[in-house]
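Hi,

Here is the model I promised to pass on.

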Amino acid sequence: MKICRFNDNRIGLVEDGQVYDVSEVAGQLPALKWPFEPGDQLIAHLESLKGRMHELKGRSAPVPLESVKLLSPVANPSKIVAAPLNYQLHVAESKADKGIHNGVHLPDYDGFASPVAKFGVFLKSPSSIVGAGEGVRIAYPGRRNDHEVELAVIIGRKCKDVGRDNAFSVIAGYAIGLDMTVRGPEDRSYRKSADTYSVLGPYLVTRDEIADPDALDFSITVNGQPRQKANTRDLITGVAELIEVASRAYTLYPGDIIMTGTPEGVNSIEPGDVMHAFIEGIGEMDVAIRA
Ligand code: MN
């Protein structure tokens, strides 16, 4: 199942490039009472709403996916977790290019099994999230602002201390994540958290549609020029272990997003550019950059 949020907070099912409006399903959600449980209500109840969504689809007149404005499929993530330096060739390019490491964010992880073993994971602000149709606004003009295309994992239920052996059971689905980044000396949580610096889209693909998240081709082009192209089998720390590491520190809530890390080929974008991102089994999306 492919679930999108579009236009004025409509909920859609996506099939064969068409969007079926199933927004009425939101009426089934339980009323909220303060204090609210963190996380996204729709994702929290997704399993029990799937049947109703299929019914509503049958009564909906489809519109082409290209004709709608795509918002983030997760409206209210409690947090965005991200993995640093999680592809070997990106570690190498980060070491070789001062424009990336800035003399501050050196990628060496001597004595540790992996960059994640040394650095752990980091957080991006939930307020940075946008959908493909909203685009990215350059927050730091005159500096190097980069694209990072990544497989994004969306957590389906509240969990803590999840072992890697049953980590897939807490996943609601997947999407393409763009971990937009300004290069410089500041902490990752600042450089990667400006408004619009986390793109999630084009929609959420439910877990059952992806046989193995650690074996997906993915890529990004900018204005049609190839930039990054890799396969998630080259993740240094794979999806299950990332969930283990993240949930060791944090309680994960429905709608929490894990950006799994970016491969080699990160590079700058400017206002007027259009990024085209693709992940096998998920889909593709155009994302515009503006001033
Ligand atoms: Mn990243």
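This is a predicted model: local features need pLDDT of at least 70, side-chain atom pairs count only at pLDDT 80 or more; totals for chains, interfaces and linings use all residues.

Numbering runs from 1 along each chain as its sequence is written, and side-chain values use heavy atoms, with hydrogens and water left out.

**Metal site**

The manganese ion is held by E148 (OE), E150 (OE) and D179 (OD), at 2.0 to 2.1 Å. Donors here are N, O and S atoms within 2.8 Å of the metal (3.2 Å for Na, K and Ca), and since water is not among the atoms, sites may look incomplete. Along the sequence, the donor residues follow the spacing E-x1-E-x28-D. E150 sits in strand β11 (residues 149-155) and D179 in strand β12 (residues 171-179), 29 residues apart, so the pair links distant parts of the chain. Strands (E, at least two residues) and helices (H or I, at least four) are DSSP runs, numbered from the N terminus. Both E150 and D179 are buried, which is to say under 20% relative accessible area; exposed is over 50% and partly exposed in between (1.4 Å probe, protein chains only).

**Cavity**

By cavity I mean a set of points, on a 1 Å grid over the protein atoms alone, where a 1.4 Å probe fits but cannot get out; lining residues have an atom within 4 Å of a point. Of its 18 lining residues, L85, H90, E148, R183 and R188 are the closest to the centre. Helices α3 (88-96), α4 (98-101) and α6 (188-191) each give at least two residues to the lining. By class, the lining has five nonpolar, six polar and seven charged residues, taking Ala, Val, Leu, Ile, Met, Phe, Trp, Tyr, Cys and Pro as nonpolar, Asp, Glu, Lys and Arg as charged, and the others, Gly among them, as polar.

R188 also has ring contacts: it lies over the face of F119, 5.9 Å from the ring centre, and its charged end sits over the ring of F122, at 5.8 Å from the centre. The rule is NZ of Lys or CZ of Arg within 6 Å of the ring centre and within 35 degrees of the ring normal.

**Aromatic pairs**

How many aromatic pairs are there? The count is three, with rings of Phe, Tyr and Trp (its six-membered ring) pairing if their centres lie within 6.5 Å; planes under 30 degrees apart are stacked, over 60 edge-to-face and the rest tilted.

Y87 and F218 have ring centres 6.0 Å apart and planes at 45 degrees, so that pair is tilted. Y87 is in the loop between β6 (80-82) and α3, and F218 in strand β15 (residues 217-222), 131 residues apart. Y87 is buried at 2% relative accessible area, and F218 is buried at 1%.

Y140 and Y197 also have centres 6.0 Å apart, but with planes at 80 degrees, so they are edge-to-face. Y140 is buried at 13% and Y197 at 1%. Ring pairs join Y140, Y190 and Y197 into a cluster.

Cheers

Methods:
On a 1 Å grid over the protein atoms alone, a cavity is a set of points where a 1.4 Å probe fits but cannot get out, and a pocket is an open set with protein on both sides within 12 Å along at least five of seven lines; lining residues have an atom within 4 Å of a point.
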